[in-house]
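Here's a quick briefing to read alongside the model. Have the viewer open and follow along.

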Amino acid sequence: MIRIIGSPVSPFVKKVLALLVMKGVDFEVDPITPFYGDERFSEMSPLRRIPVFIDGDIVLTDSSVIAQYIEERWPSPSALPATPEARAKARWLEEYSDSRMGEVFIWKGFATKLVRPRVFKEPFDEAAFNDNIQTGVAEVLDYLERVAPEDGFLAGPFGLADISIASMFRCMRYAEWTPDAKRWPRTCAWLARTESESVMATVTRWSDALIVAPILERRRIAAEIGLKLTEETFGLKTPRRAAMSQL
Ligand SMILES: N[C@@H](CCC(=O)N[C@@H](CS)C(=O)NCC(=O)O)C(=O)O
């Protein structure tokens, strides 16, 4: 049985879960919040980041590495488009999502507003959050508006690029920010189409239920909403920062 370590609230975990759902691969999840992993978690994930993917003796970290493994191990249905050009575009958009959107949507956005206060009991820096919306987030939206298609999806059929980027937007929604449809109409229309795909709707339902649950009760809530849980957890009750944490 495939095991995924990490909460579906994380856009990186959500990407991996969406691919497994898309391909009909059964899995169990240990829905830990970042920072709560134990020593065994540190051994598997040297940067102490989620997701971790376990398939027998194979232990992988980094959602892009995991996504590629899933694509190669279960090629059908493919999460990538057919041509080399379109595949390169999909991979670029996944990379842009992981790096630049990870920076401004997750670390400076979602994590600043929700993770730092909830996990580390530190104050929310509202000025920094708002400044990031006006600068980094707006710049990302301006770029997406140039690449978003009038119809359909980012790199061909619904797939990896759409899943990656839409997952980032969900976290900003949890931080009570949504894009302005008058300013970025193509992006907003693409996001609505993507979120109504059944794969996205499934994984979003999981994260919507978990984001409102107290961190230490997420395992119980995950079971209640029908996720299959791993027998044991790699989570602890107290958080700690890791080498590359930006909080
Ligand atoms: N490049 C990594 C990023 C993963 C990542 O940053 N995960 C966050 C959760 S959204 C995390 O575990 N952060 C904890 C930390 O960096 O200390 C991937 O694609 O998997």
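Predicted model: local features only at pLDDT ≥ 70, side-chain atom pairs only at ≥ 80, totals over all residues.

Residue numbers start from 1 along each chain as its sequence is written.

**The α1/α3 pair**
- The angle between α1 (residues 11-23) and α3 is about 10°, and their axes sit 9 Å apart; axes are lines fitted to C-alpha atoms over the stretch in contact, with angles from 0 to 180 degrees between N-to-C directions.
- On the α1 side, F12, K15, V16, L19, L20 and K23 meet S63, I66, A67 and I70 of α3, contact being C-beta atoms, placed from the backbone, within 7 Å.
- By class, that contact has seven nonpolar, one polar and two charged residues (nonpolar is Ala, Val, Leu, Ile, Met, Phe, Trp, Tyr, Cys and Pro; charged is Asp, Glu, Lys and Arg; the others, Gly among them, are polar).
- Helices here are DSSP runs of H or I with at least four residues, numbered from the N terminus.

**Around the ligand**
- The ligand has 15 residues around it, with S10, P34, R49, S63 and S245 the closest; the cut-off is a C-beta atom, placed from the backbone, within 6 Å.
- Both α3 (63-73) and α4 (84-120) supply at least two residues of that shell.
- The shell splits into seven nonpolar, four polar and four charged residues.

**Helix α7**
- T187, C188, W190, L191 and T194 are buried in α7 (residues 185-195), where buried takes 20 or more other C-beta atoms within 10 Å, exposed 12 or fewer, and partly exposed is in between.
- Looking down the axis of α7, the buried residues fall within an arc of 160°, so they line one face of the helix; the arc covers directions from the helix axis to the C-beta atoms.
- Those buried residues pack against α5 (126-147), α6 (160-174) and α8 (198-211).

- R116 sits in α4 and counts as partly exposed because it has 17 C-beta neighbours inside 10 Å.
- Beyond neighbours within four places in sequence, R116 contacts A111, E122, F124 and L247.
- R116 and L247 are 131 residues apart along the chain, yet their C-alpha atoms are separated by 6.7 Å.
- M244 lies in the segment after α9 (218-224) and counts as exposed because it has 9 C-beta neighbours inside 10 Å.

Terms used:
Contact = placed C-beta atoms within 7 Å.
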